[in-house]
Amino acid sequence: MEDKLIINKKNLKGEDGYKTFSVRIKDGTVAKLNKLSQETNRSRNELINILLDYAIDNSKVK
């Protein structure tokens, strides 16, 4: 049995299931997000994804 290093191809940008776009966020919201990021040791990007997923899953359209 040969031991070989397996190197997977790197996904090109946009092929990882994520999209990049910019949004405008109030200063107060950014401050809260920064505080939450510091308290949880998670990046703002990770937190934004968690919070958006929760909000979408718990929304109702009337």
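User: Where is the place of Asn41?

Analyst: Asn41 sits in the loop between helix 1 and helix 2; helices are DSSP runs (H or I, at least four residues; strands are E, at least two), numbered from the N terminus. This is a predicted model, in which local features need pLDDT of at least 70 and side-chain atom pairs count only at pLDDT 80 or more, while totals for chains, interfaces and linings use all residues. Residues are numbered from 1 along each chain as its sequence is written, and side-chain values use heavy atoms, with hydrogens and water left out.

User: What is phi of Asn41, and is Asn41 buried or exposed?

Analyst: Phi of Asn41 is near 55°, a positive value in a residue other than glycine. For accessibility, buried means under 20% relative accessible area, exposed over 50%, and partly exposed in between (1.4 Å probe, protein chains only). Asn41 has a relative accessible area of 73% and is therefore exposed.

User: At what angle do helix 1 and helix 2 pack?

Analyst: Axes are lines fitted to C-alpha atoms, for helices over the stretch in contact, and angles run from 0 to 180 degrees between N-to-C directions. Helix 1 (residues 27-40) and helix 2 pack at about 105°, and their axes are 9 Å apart. Angles under 35 degrees count as roughly parallel, over 145 as roughly antiparallel, 65 to 115 as roughly perpendicular and the rest as oblique. Helix 1 and helix 2 are therefore roughly perpendicular to each other.

User: Which residues make the contact?

Analyst: Contact means heavy atoms within 4.5 Å. Helix 1 contributes Val30, Leu33, Asn34, Leu36, Ser37 and Thr40, and helix 2 contributes Arg44, Leu47, Ile48 and Leu51. By class, these residues are six nonpolar, three polar and one charged. Ala, Val, Leu, Ile, Met, Phe, Trp, Tyr, Cys and Pro count as nonpolar, Asp, Glu, Lys and Arg as charged, and the others, Gly among them, as polar.

User: Where does Phe21 lie, and is Phe21 buried or exposed?

Analyst: Phe21 is in the segment before helix 1. With 64% relative accessibility, Phe21 counts as exposed. The C-alpha atoms of Phe21 and Ser59 are separated by 22 Å, and the two residues are 38 residues apart along the chain.
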